[in-house]
Amino acid sequence: MAALSTGALVVFALIAVALTLFVTEWLPPDMTALGVLVSLAVLEPYTGVPAREAIAGFASPAVITIVAMYILSAGVEAAGLVDWLGGKLAELTGGDEGRLLAAIVGTTGVSAGFVNNTPVVAVFIPLVTGLSDRYGISPSKLLLPLSFAAMLGGTLTLVGTSTNLLASDVSRELLGRPLAMFTLTPVGVVVLLVGVAYLLTVGRALVPERVPPSQDFTEEFDMDRHLARLTVRSESPLVGATVGETLDGGDLLVDDGQLITDGGPEGDIDVDVLQIDRDGESFFATATDRSLSPGDVLTVRGSRQAVNRFAERFDLRQLSRDPVTESILLDPDHDGVLAEAVVHAESRLLGRELGDIDLRSRFDTTVLAVRRGETVIREALDGVTLAAGDTLLLQTPVDKVGHLEEEGYLLLTDGPPALFDVHADDGAPSLSPQALVPVGILVAVIALAAVDLVDIYIAALGGVVATVATGALTTARAYDAVSWNVIFLLAGLLPLGTAMQATGGSAYVGELLAGAAGVLPPLALLALFYLLTAVLASIITPVATIVLMAPIAVATAQGADVAGFPVLVMVTFAVATAFLTPIGYQTNLMVYGPGGYRFTDYARVGAPLQLLLCAVTTLSVAAIWPP
């Protein structure tokens with residue numbers, strides 16, 4: 001075996017640093033990827049990657065295709081097709097849990113083969129939670145299968161997931177054999193059918209019921225000891241103070257301009273005023289300019305100790321400690337609603353403290369609690385640093401909550417029917433004939449690529465032009481539809497594979513594994529790479545995993561005198577089905593909070609499925625492409 005070169009050692013050191021950053025998330029993954037790109041170019045004498053080659057990933061056919069597919073998927077989503085399909089589920093299933101589960105995983109699985117699975121899951125989450133409330137089913141029983149089905153569907157076609165496109169690029173470079181549109185489909189169909197059968201039987205029994213069905217938001221987040229009602233006495237210094245701007249955050253401004261810190265000499269008091277009730281009417285605290293009067297009832301968020309201090313400081317009388325339920329905060333005359341939203345993996349809020357974001361003044365929105373895995377945070381919320389997967393309980397006006405999604409802050413997952421048309425009881429949303437235009441464009445793109453009339457990235461870019469030209473999507477929405485952090489992640493990591501090839505790093509690892517695999521039959525080698533890749537993809541990003549594992553898999557196959565293409569296909573399927581943790585795949589993270597899942601729930605349901613698909617995928621790949 002050849003000695004390991006200095007360049008390979010440098011590349012492996014960069015990989016170790018990158019993996020550490022991916023796991024610890026000290027830097028966002030896309031920034032880590034850019035750091036890798038810069039390091040490879042700066043260390044060119046060792047890595048063999050010149051500057052121009054380092055940035056070549058931005059012009060990669062895979063990256064260009066992914067950009068275009070984001071836009072095409074957004075066109076289909078904007079057309080309302082997924083909403084329409086979701087609304088039909090309620091009509092067809094009649095509220096039966098088994099039929100509803102079958103409809104959800106079936107529809108999601110097929111859709112995710114042709115439309116980016118992230119928007120599909122984003123649209124289906126509020127649909128599923130709404131149907132769960134309506135029919136008394138725990139959303140936990142449906143949301144994890146929803147995510148897994150979307151991942152399974154991504155294996156159906158070349159455009160099903162970004163890692164398929166990356167694998168095609170690697171296969172073109174290393175084996176001279178890119179993946180066609182339907183190369184993976186024969187195995188993908190088997191994987192989807194077996195996976196769906198598992199989710200409807202064994203998986204259904206293993207999925208836990210973490211969130212009780214039809215539970216009041218205040219009960220779900222256990223807000224009983226953190227919501228209270230206070231009456232304004234005639235002697236209170238709050239009399240005459242305006243509500244909204246003057247009762248925002250930690251300060252109170254009375255009419256004479258005097259600034260009163262609500263903590264007084266004892267320090268800040270962690271209390272938010274949510275609602276003002278007066279003579280049978282309710283007013284949203286942050287959205288009204290009315291002055292407080294004696295007898296007004298304030299609904300506040302805070303611990304019992306904080307509420308007691310607040311009442312004492314401003315001469316307020318506490319009402320009976322009857323629970324403040326969601327119904328009290330949803331007065332028919334009241335503009336505010338309670339809603340649940342998730343900090344998604346591309347959110348602009350990642351890594352920021354709630355107090356710095358100031359949602360109250362910008363969106364008239366108050367965060368009542370944050371759920372992170374099994375933990376619910378209800379106090380000192382301003383100091384909470386938000387992470388992907390966090391679920392926020394919000395009190396917000398109906399007309400403001402949409403901006404939180406539009407501006408890339410949060411993904412709304414549950415709330416009253418006014419927030420989600422698909423939740424309403426007036427039937428499924430209608431589908432206009434014009435909605436078929438973006439669907440037709442997507443079908444045309446897939447067909448052109450399938451018959452090899454044009455390359456997939458040219459067909460996809462042509463589809464983007466047609467989508468905007470027909471008015472199915474505006475230019476601004478087209479650019480907004482692209483997850484640019486994912487694009488930078490892809491482009492930043494692609495030269496890492498080049499460096500591994502140039503320095504002999506992948507060949508060295510391949511020889512090591514080939515020596516170990518020499519005693520294994522080809523089928524066992526395929527299964528081994530599937531399991532190694534699936535575990536790694538569940539810990540770091542699937543993109544990083546495909547970039548690292550695909551060249552090693554090909555090198556190992558060559559060293560073991562096994563065909564490289566089937567081994568690369570195994571890696572491709574394993575990366576697309578990383579079920580073991582919520583952090584490995586974005587859709588898993590999206591359902592983590594709304595489902596109230598524990599970290600270990602993913603392995604509980606996903607590990608048996610992973611082992612089952614290891615066997616199924618190995619046999620299917622070996623039958624179609626003998627190793």
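Trainee: What makes strand E8 (residues 336–342) largely enclosed by the rest of the structure?
Mentor: This is a predicted model. Buried means under 20% relative accessible area. In E8, 7 of the 7 residues are buried, so the strand is largely enclosed.

Trainee: How do you know that both faces of E8 are covered?
Mentor: In a regular strand, side chains alternate between the two faces of the sheet. Gly-336, Leu-338, Glu-340 and Val-342 lie on one side of E8. Val-337, Ala-339 and Ala-341 lie on the other. All of them are buried, so both faces count as covered.

Trainee: Why are E8 and strand E11 (residues 391–397) said to pair?
Mentor: Pairing needs at least two bridges, and E8 and E11 have 7, so they pair. They run antiparallel. Val-337 has Thr-396 of E11 as its bridge partner.

Trainee: What about strand E12 (residues 411–414) and E8?
Mentor: They share 3 bridges, again at least two, so they pair too, in the antiparallel sense. Here Val-342 is partnered with Leu-411 of E12.

Trainee: How do you know that the length of helix H28 (residues 599–624) agrees with what it should span?
Mentor: At 1.5 Å a residue, its 26 residues should span 38 Å. The end C-alpha atoms are 36 Å apart, which agrees.

Trainee: Where does H28 have a kink?
Mentor: At Gly-606, shortly before the proline Pro-608. The kink is about 40 degrees.

Trainee: Which residues have the most contacts inside the largest nonpolar core?
Mentor: Phe-148, Leu-493 and Leu-496, in a core of 132 residues. A second, separate core has 20 residues, including Val-343 and Leu-349.

How values were computed. Residues are numbered from 1 along each chain as its sequence is written. This is a predicted model: local features need pLDDT of at least 70, side-chain atom pairs count only at pLDDT 80 or more; totals for chains, interfaces and linings use all residues. Side-chain values use heavy atoms; hydrogens and water are left out. A nonpolar core is a set of buried Ala, Val, Leu, Ile, Met, Phe, Trp, Tyr and Cys residues joined through side-chain atoms within 4.5 Å. Buried means under 20% relative accessible area, exposed over 50%, partly exposed in between (1.4 Å probe, protein chains only). Helices (H or I, at least four residues) and strands (E, at least two) are DSSP runs, numbered from the N terminus. The expected span of a helix is 1.5 Å times one less than its number of residues. The bend at a residue is the angle between axes fitted to the seven residues ending there and the seven starting there.
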